[in-house]
Every structure is written in C-alpha cells, then in structure tokens.
Amino acid sequence: VDGEEAVAHRSDGIEKIRSQIIPIWRMNQDELVDLMTNRVVYSDDNIVAFDKPYGMAYSGASQTAPQMDRLLQKLKARLAPKCERLYLVKSLDKYQSGVVVFATNTLMQSTLKESMDTGLVEQVSRCIVRGELDDSPLKITIPLIKTLKNRDMKMMPLVTNKAKGDIFYVESECRTIKGNQYVSSVEVVTHKEAPHQIRAHLALAGCPLIGDPKYSNSSPRPPRLSHHLLNKLRITDSQSRKVPMYLHLQQ
C-alpha cells in the first residue's frame, strides 16, 4: 500500500493542474449562464466583455458541449435587456481563454471591428512555451498564410510571394516574463492579429506552446515539459500529453 501511495503522490501533479480548469463540461445551460454573468470584465451601454474559460467554443461544438453563442440570449436578458442582441466583436479559439468582446448594437460592432482590423487595438496575451526565447523582447514579423487540408486549418510561414490564399502580414512582440532552457512564461503583444498567430509565430521562433498539438517543428508532439520539470510537478511521462495548452488573452 505504501508503494501505491508513493506512486500516486508522484503522479498527482496532472490532477492539480486540472483542478485549476473550470469544469464547464459538467454544467447545464443555466449554470453556464450564471458562470459567464460572473465573468463580465467590462460592461457599458455599448460593450460587454467576458473572461471566457478554457474549453468553451464560441460555435461549432457538439450539442452536449458548452458553446457560448447558445448562451447569448439569456446573457443579453440579464446584462443588456434593452438591446436586440449581443453582436460578436472578438472571439477566441476553444482552448484559448481570456477576453471576448460583444457590442450591443451594429454601429459599435462595426467601429470596434474596424479598429481591430486596422491595428488600433493593442491585445496582450500570456502563454507557456517550451524552451526560452533567443532574445527578449523579440519581435516576430514572419508573414503567415492560411492553409486548409481535410478541413483542418493551419497557419504556415509565407515562403514565396507567388503563393495563393489568405496572407497575413502581422507582428508579434514577445517578452519573456520568467523562464529557463526548459520552459518560459511569455507575454505577447499583437495589434492586427491573424488566426493562430501567436501559436504559429512562437513555434517558428523555436518556442512552441506546451500542449499545442498543431504547431511544433520537432517531436514530441504536442510539445511537452522536460523530464526535469515533469518530476518537479509530479507528472508522469505518460501523463505529459494531457498537460493543457495555456494561452490567455488578458487585455
């Protein structure tokens, strides 16, 4: 028994990480509405912004999975009852947490979207990556092109001006908050942002996000923590694939 307890103790790190994730998959719609009502980070007559939790898709989820656009009418009734609906301005991927923005009218929606599309809005994200940036601060300016294979979208570096498709000339201003050769916490400032920009740019810089199965230029995939850190966190090698990606839009 002592041996079993010792093994359990050495492998309880993944459960501690999971305990920090809100279990939205266990919640019904009313519970999700309560949750998001309590996660409003800004609200006035024209704008409502939420802190979206990890794992909540905006759309496209299965019928039983949490999906934000299914909550909007009930959220509108609570938070902005005088408006017709909440109009999406800024959404996030399912496994990215942080600020999502809605307008209460189409004029404000158009104004905010134009400001974002023209790079007038500064967005600050934080993430955890494998390794350490060569320089800090580091500005990554690699143009990206959107590719689609078997309905799977991925951003790739633009290698020729003759390429056809959606091309994004974007910049990621990266700064190491704290890190070493094994893992780093990185802040990334973007203005005119492309889909998956931060994930793609950091992977191209040799520092893919831990737990990101799509963007990594070397094995293992998804990028995992080093054995040194796995031991410190009490995570077994077999559990390392289950460490979630951390990418949070904080402002």
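Predicted model: local features only at pLDDT ≥ 70, side-chain atom pairs only at ≥ 80, totals over all residues.
Me: How many of the eight residues of helix H6 are buried?
Reply: Helix H6 spans residues 197-204 and is mostly covered. A residue counts as buried when its relative accessible area is under 20%. By this rule, the number of buried residues among the eight in H6 is seven.

Me: Which residue with a positive phi follows H6?
Reply: The phi of this residue is near 85°. The residue that follows H6 with this positive phi is glycine 206.

Me: How far apart do the C-alpha centres of domain 1 and domain 2 lie?
Reply: The domain assignment gives residues 1-118 to domain 1 and residues 122-250 to domain 2. In contact are 22 residues of domain 1 and 19 residues of domain 2. The distance between the two C-alpha centres is 22 Å.

Me: What area is buried between domain 1 and domain 2?
Reply: Across this interface there are two salt bridges. Seven residue pairs are in polar contact there. Carbon and sulfur atoms give 53% of the buried area, which is about 1700 Å².

Me: Which element gives the most to the side of domain 1 that touches domain 2?
Reply: The elements that give two or more residues to this side are helix H1 (2-10), helix H2 (13-18), strand E4 (97-103) and helix H5 (106-117). With five residues, the element that gives the most is H2.

Me: Which residue forms a salt bridge with arginine 39?
Reply: Side chains of opposite charge can pair when their charged atoms come close. Here the closest N and O atoms of the pair are 3.2 Å apart. Arginine 39 lies in the loop between helix H3 (29-37) and strand E1 (40-43) and its partner in strand E2 (residues 47-52), so the pair ties together parts that are 12 residues apart in sequence. The partner of arginine 39 is aspartate 51.

Me: Which residues are linked with Arg199 in a network of salt bridges?
Reply: Aspartate 93 forms a salt bridge with arginine 199, the closest N and O atoms being 3.8 Å apart. The residues linked with Arg199 in the network are Asp93 and Asp212.

Key. Residues numbered from 1 in each chain as written. Heavy atoms only, no water. Buried < 20%, exposed > 50% of the residue type's maximum accessible area, 1.4 Å probe, protein only. Helix = DSSP H or I, 4+ residues; strand = E, 2+ residues; numbered from the N terminus. Domains from an automatic or database assignment. Contact = heavy atoms within 4.5 Å. Buried area = accessible area lost by both parts, 1.4 Å probe. Salt bridge = Lys/Arg side-chain N within 4 Å of Asp/Glu carboxyl O. Polar contact = N/O pair within 3.5 Å; in protein donor to acceptor, adjacent residues only side chain to side chain.
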